[in-house]
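Here are a few exercises to work through with the model open in your viewer. Try each task before you read its solution.

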Amino acid sequence: MNRVYIKTYGCQMNERDSEAVAVQLRDRGYTVVDDEKSADIVLLNTCAVRDQAEQKAIGKTGHLAKRKRDNPDFILGIMGCMAQNRGTELLDRLPDLDLLVGTQKFHRVPEMLDQLIRRENALGPRPNTLVDLEEEAGSEETIREHSGDQRQVSAYVSIMQGCNMHCTFCIVPKTRGAERYREMDSICAEIEELVSRGTREVTLLGQIVNSYGMRRIAYRNGISPFVQLLERVNAIEGLERIRFTSPHPRGFQKDLVEAYGRLEKLMPYVHLPLQSGSDRVLKRMRRPYTRRRFLEIVAQLRAVQPEISLSTDIIVGFPGETEEDFHATRDLFEEVGFDMAFIFKYSERSGTPAAEMEDDVPAEVKDARNKVLLEILGRSSLERNTALIGTEQSILLEGPARKGEGLFMGRNPGNRKVLVPANPRLVGECVPVRITETTVTTLSGHLCLAGVDESSAGMLAR
Ligand code: SF4
């Protein structure tokens with residue numbers, strides 16, 4: 001009665017939250033399994049960013065509820081953003097749920113499961129659904145544990161929760177609450193522990209990660225709290241690479257831009273969410289920057305790090321987006337030449353201010369705009385990748401590739417996936433790789449071994 005399966009929907013924050021819950025459950029004597037069918041308890045860690053994501057989780061829950069009818073001991077729970085967003089209204093639709101756990105209560109899951117099982121063992125009355133959706137001061141510090149099962153060459157570290165911005169299309173401020181920051185000492189101790197277990201790269205996570213510490217930690221000689229944290233992480237011995245996601249363009253002030261030139265572990269890769277290239281649409285989205293400012297940030301980053309890789313998020317077909325607005329986005333998108341982008345067709349998200357606006361861009365127009373940007377992205381990604389052919393790149397090898405015998409997967413400093421034949425001993429090392437081929441998304445190459453002919457390097461490495 002103690003095998004738990006956790007299914008995670010959505011972003012890296014959710015993955016990180018699920019990992020922490022899994023470790024807390026193991027510490028409490030539960031077995032976390034990879035196979036849903038063998039589980040006695042299934043927990044869905046949900047996403048609320050789009051309506052579609054919620055419908056998917058609701059469908060899955062309905063399907064799992066059938067198992068409860070055959071086996072009343074089976075336990076079914078929903079955690080995370082959808083639980084927070086929809087609250088107890090979910091119980092009208094899914095009365096078989098045993099647990100409903102909000103985004104500030106992940107750490108309570110083991111105790112809540114204990115409670116359900118105790119009642120079951122005592123053959124006492126089955127408790128009604130256990131619900132905890134309250135805010136909890138200090139809950140940001142509870143996403144700390146990492147799975148110790150296997151070495152995590154690259155690990156996510158949650159540094160804050162919540163968001164104080166109010167972009168009109170976004171549900172996050174409702175599901176994750178106001179910004180709450182972890183203590184710098186605690187973050188650094190977590191990373192030091194990861195490094196002692198073999199981690200070489202960390203990605204600092206937050207809904208608006210470069211707001212870290214705002215109005216709580218003082219600036220020091222013009223250096224923001226987030227850059228102070230980067231400096232401390234950069235000094236951790238044994239760590240080789242630092243990344244972070246997802247930042248807001250507003251936080252790319254001089255100190256953060258300059259950090260790319262002076263912090264050697266900060267990788268030359270930035271995810272810089274644009275959303276729209278039209279000032280009029282940006283205003284309607286309540287994004288506090290202009291296209292001019294966005295281009296200025298890109299130019300400043302490239303001046304400090306000419307090789308920097310850039311990715312972005314774009315929404316096409318936001319309410320009121322005209323042809324002219326879209327052309328402004330298209331032109332800016334082309335001008336920047338992104339390495340990667342997530343392009344979304346706007347869909348109404350109930351509970352957001354944008355849902356009050358008329359969703360007036362027809363579906364076929366959204367499709368066409370999406371297609372235009374995807375074509376530009378395909379061209380620019382391939383062009384940027386092709387420029388790397390023949391160069392030697394430092395690749396942090398993360399583990400075996402999903403496909404291809406003897407092939408290993410790693411990433412270059414710019415966060416591109418690279419496939420390379422290698423020896424398993426090299427996993428966790430930064431190795432020099434000569435890039436020989438590319439697709440739009442993935443580079444391939446051979447190890448460059450000092451004093452060894454490159455063509456035979458791949459064979460030797462095996
Ligand atoms: S900054 Fe990001 S998380 Fe915050 S409201 Fe805007 S889109 Fe949502």
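**Exercise 1. Which residues is Ala-20 in contact with, leaving aside its neighbours within four places in sequence?**

Start by placing the residue: Ala-20 sits in helix α1, which covers residues 12-27. Keep in mind that this is a predicted model. Next, look for heavy atoms within 4.5 Å, the cut-off for a contact. Once the neighbours within four places are set aside, Ala-20 is in contact with Ile-143, Arg-144 and Glu-145.

Now the burial. Ala-20 has a relative accessible area of 0%, so this residue counts as buried; the cut-off for buried is under 20%.

**Exercise 2. What is the strand order in the open sheet of 3 strands, and which strands stand at the edges?**

Step one is the order: it reads β7-β10-β11, and the pairing is parallel. Step two is to count partners. β7 (154-158) and β11 (241-245) each have a single partner strand, so both stand at the edges, with one side left without a neighbour in the sheet. From one strand to the next, the twist averages 25 degrees.

Step three zooms in on one pairing. Strand β10, residues 201-205, is joined to β11 by 5 bridges, and the two run parallel. To pick out a bridge, take Val-202: its partner in β11 is Ile-242.

Helix α7 (residues 184-196) lies across β7 and β10, and runs at about 165 degrees to β7.

**Exercise 3. Why is the pair of Tyr-289 and Phe-294 classed as tilted?**

First, the tally: the structure holds 7 aromatic pairs. For Tyr-289 and Phe-294, the ring centres are 6.3 Å apart, and the planes meet at 40 degrees, so the pair is tilted. The cut-offs behind that call are under 30 degrees for stacked and over 60 for edge-to-face, with the rest tilted.

Then check a second pair. Phe-333 and Phe-338 are also tilted, at 5.4 Å centre to centre and 35 degrees between the planes.

Burial comes next. Tyr-289 has a relative accessible area of 7%, which makes it buried. Phe-294 is at 0% and counts as buried too. Both Phe-333 and Phe-338 are buried as well. To finish, join things up: ring pairs link Tyr-289, Phe-294, Phe-333 and Phe-338 into a cluster.

**Exercise 4. How compact is the protein, judged by its radius of gyration?**

Begin with the inventory: there are 14 helices and 19 strands. The radius of gyration is 23 Å, close to the 23 Å that the globule rule gives for 462 residues, so the protein is as compact as a globular protein of that length. For the extents, the C-alpha trace spans about 70 × 55 × 45 Å along its principal axes.

Now look at the inside and the surface. Of the 462 residues, 55% count as buried. Finally, take contacts between residues at least 6 apart in sequence: 72% of them join residues at least 24 apart.

Technical notes: Residues numbered from 1 in each chain as written. Predicted model: local features only at pLDDT ≥ 70, side-chain atom pairs only at ≥ 80, totals over all residues. Heavy atoms only, no water. Pairing = 2+ DSSP bridges. Helix = DSSP H or I, 4+ residues; strand = E, 2+ residues; numbered from the N terminus. Axes fitted to C-alpha atoms, helices over the stretch in contact; angles between N-to-C directions. Rg over C-alpha atoms; globule rule 2.2 N^0.38 Å. Buried < 20%, exposed > 50% of the residue type's maximum accessible area, 1.4 Å probe, protein only. Phe/Tyr/Trp six-rings, centres within 6.5 Å; stacked < 30°, edge-to-face > 60°.
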